[in-house]
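Please find below a colleague's note for a reader who is meeting this structure for the first time. The points can be followed one by one with the model open.

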Amino acid sequence: MERLRFLSEDQVRRIQREFGTPVYVYDEQSLLAQAREALSMPNAYGLRVRYAMKALSTAAILRILTGAGLDIDASSGFEVARALRAGISPERIQVTAQEPPKELKELVEKGVKFNACSLHQLRLFGQIAPGREVSIRVNPGLGSGHSNRTNTGGPSASFGIWHQYLDEALAIQRDYGLRITRMHTHVGSGTDPDVWNRCARMSLDVAARLPEVDTLNLGGGFKVGRMADEQSTDLHTVGECIKRDFEDFAEKHGRKLKLEVEPGTYLVANAGALLCSVTDVVDTGADGYRFIKTDSGMTDLVRPSMYGAQHPIVVVPAQDEPRGTGKYLVVGHCCESGDVLTPEPGNPEGLAPRLLTEARIGDALVVGGAGAYSASMASKNYNSFPEAPEVLLHAEGTTRLIRQRQTLEQMLANEIID
C-alpha cells in the first residue's frame with residue numbers, strides 16, 4: 001500500500017477539521033527542495049530554470065519558486081497576467097502559447113519574452129516588434145511521453161515550427177529584421193535519458209542553422225514518479241549527457257550556448273496532495289466491486305479520468321485505531337461514470353481496485369501527487385461543485401490558506417438572468 005509523503009495522519013485530520021474537504025495541501029519544503037535540485041542540473045555554459053506555471057498557477061506557489069531563483073514560462077496571456085499580479089517582474093516571464101496573447105505588443109513593451117510557436121506567430125511578432133530579439137519553438141521531429149496525450153514532440157504534435165520549415169522562419173526573420181537569439185524545443189514527459197539526449201542533439205543541429213542563437217531551451221516534461229513503483233527522471237544523468245553535447249557543439253561551431261529548462265511536474269507534483277472525505281462505502285455484490293465514494297473527484301483532479309493516470313491513495317481513519325485492509329475502487333462525487341480515481345494504469349476506460357486501509361464514512365482520503373495539473377486542470381464547476389481551497393504547509397508544521405473555497409455566488413457571478 002502507498003504511504004503519506006509529506007503529511008502525518010494527525011496533520012491530515014487537523015486540516016480536514018480546520019479547512020473542510022476537498023482541499024489541496026502543498027508542502028513548502030518539498031517545493032524548495034525540488035527547486036534546488038533543478039537548479040543544480042549539470043550544464044556547460046550556464047543554466048536558467050523556468051517554472052512551467054500551467055502545472056500550478058497559484059500566486060503563493062509562484063512566489064515560492066521565483067524566490068528560490070526560478071523564472072516563469074507562461075502558456076497564455078492570462079497566465080502572464082497572473083504572474084505579473086503575483087509581483088513577478090516581466091523580464092523573468094516568457095510566454096509560449098498555442099494562441100498568441102491579444103495584448104502581445106503591450107507585454108513585449110513591458111519586457112515579457114515571447115517564444116514564437118509557429119510561422120504565423122513569428123510573422124505576427126515581426127509586425128508588432130520589428131528589429132527585436134525573439135525566441136522560436138521548433139519541433140525537432142522526436143518526442144517522448146507516457147502516453148500520446150503527453151507527447152509534445154514529433155510528427156503527431158502541433159507544438160512548434162516543424163524542423164523542415166526552418167528556411168521559412170529565416171525568411172520571416174529577414175523580412176522584419178528580427179534577431180532569433182533563443183531557440184526552444186519540448187519533447188514531452190518521458191524518463192528515458194537516451195531520448196532526451198537524442199532530442200538535444202537534434203535540437204543542437206537545428207540551432208547550428210541559427211547563427212545568433214545563444215540559448216537553447218529544451219523544455220520540461222521531466223517525469224516524476226507519483227506512485228512508489230514509478231520511475232522519475234534523473235536530472236543529473238540527463239544533464240551530464242546534455243552538457244557533453246553542448247561542449248561538442250561549442251568546439252564545432254564556436255558558440256557556447258546557455259541551457260534553459262522549464263519543468264512543471266518535476267517541481268510541484270509530489271509537493272501537493274488532495275484531501276477528501278469518505279462519504280459512503282458501497283458494493284455491487286459478491287461478484288462485483290467495493291467502492292469508496294468521496295466528496296471530490298474529477299472536479300478537482302481530472303488526470304485519472306483523462307489519462308488513466310495513477311495517484312497514490314491513502315485512507316486515514318477518523319480516529320487513530322488499528323484497521324484491516326480491503327480492495328476498493330475509489331470514485332468521485334460527480335454523476336459521471338468516468339469519475340474514477342483508480343482507473344487501470346494508462347487506460348481511463350478500465351478499473352483497477354486498490355488495496356487500502358478499511359474505509360468508513362467520515363475518514364479522510366489523501367490523493368498524493370496532486371501538485372501538478374490538478375488544481376490548474378480540474379473540471380471546475382461540473383455538477384456545480386465549487387473550486388476547492390488550497391493550503392500551504394510550512395516547514396514548522398503551520399498551515400496557511402492561499403486560496404479560498406469558491407462560493408456559489410462567485411460561481412454564478414457571470415450568469416445573466418432576464
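The numbered points below go through confidence, helix packing, strands and a few individual residues.

1. This is a predicted model, in which local features need a pLDDT of at least 70, side-chain atom pairs count only at pLDDT 80 or more, and totals for chains, interfaces and linings use all residues. Residues are numbered from 1 along each chain as its sequence is written, and side-chain values use heavy atoms, with hydrogens and water left out.

2. Confidence is given as pLDDT, the predictor's confidence in each residue on a scale from 0 to 100. The protein has a mean pLDDT of 93, and 95% of its residues reach 70 or more. Over residues 143-153, however, the pLDDT is below 50, and this stretch has 35 contacts in the model beyond near neighbours in sequence, a contact meaning heavy atoms within 4.5 Å.

3. Helices (H or I, at least four residues) and strands (E, at least two) are DSSP runs, numbered from the N terminus. For helix pairs, the axes are lines fitted to C-alpha atoms over the stretch in contact, and the angles run from 0 to 180 degrees between N-to-C directions. Angles under 35 degrees count as roughly parallel, over 145 as roughly antiparallel, 65 to 115 as roughly perpendicular, and the rest as oblique.

4. Helix α2 (residues 28-39) and helix α3 come within 9 Å of each other, computed between axes that cross at roughly 40°, which makes α2 oblique to α3. The contact is made by Glu 28, Leu 31, Leu 32 and Ala 35 of α2, together with Ile 61, Ile 64 and Leu 65 of α3. In α3 (residues 59-67) the buried residues are Ala 60, Ile 61, Leu 62, Ile 64, Leu 65 and Thr 66, where buried means under 20% relative accessible area, exposed means over 50%, and partly exposed lies in between (1.4 Å probe, protein chains only). After α3 comes Gly 69, with a positive phi near 115°.

5. The axes of helix α6 (residues 119-128) and helix α7 (residues 166-176) cross at roughly 5° and come within 9 Å, and the two helices are therefore roughly parallel to each other. On the α6 side the contact involves Leu 119, Leu 122, Arg 123, Gly 126 and Gln 127, and on the α7 side Glu 168, Ala 169, Ile 172 and Tyr 176.

6. Helix α8 (residues 193-207) packs against helix α9 (residues 235-253) at an angle of about 25°, with the axes 10 Å apart, so α8 is roughly parallel to α9. Among the residues that meet there are Trp 196, Ala 200 and Leu 204 in α8, and Val 238, Ile 242 and Phe 246 in α9.

7. How many of the 6 residues of strand β8 (residues 179-184) are buried? The number is 5, so β8 is largely enclosed by the rest of the structure. Strand β6 (residues 133-139) pairs with β8 in the parallel sense over 5 bridges, two strands being paired if DSSP finds at least two bridges between them. Strand β9 (residues 215-217) also runs parallel to β8, joined by 3 bridges. His 184 of β8 is the bridge partner of Arg 137, and His 184 also stands opposite Asn 217 in β9.

8. Strands β19 and β20 (residues 399-403) pair in the antiparallel sense over 4 bridges, with Arg 403 in β20 as the bridge partner of Glu 390. The two strands form a hairpin with 5 residues between them, and Gly 397 in the turn has a positive phi of about 95°.

9. The loop between β18 (364-368) and β19 (390-393) holds Tyr 373, which has a positive phi of about 50° although it is not a glycine. Tyr 373 counts as buried, at 18% relative accessibility. Ser 384 lies in the loop between β18 and β19, and its phi, near 60°, is likewise positive in a residue other than glycine.

10. The peptide bond from Thr 21 to Pro 22 is cis, with omega near -5°, and Pro 22 lies in the loop between α1 (9-19) and β1 (23-27). Pro 22 is one of the residues touched by Ser 296, alongside Leu 274, Cys 276, Gly 332, His 333 and Asp 339, not counting residues up to four places away in sequence. Ser 296 lies in the loop between β12 (290-294) and α11 (303-307) and is buried, with a relative accessible area of 0%.
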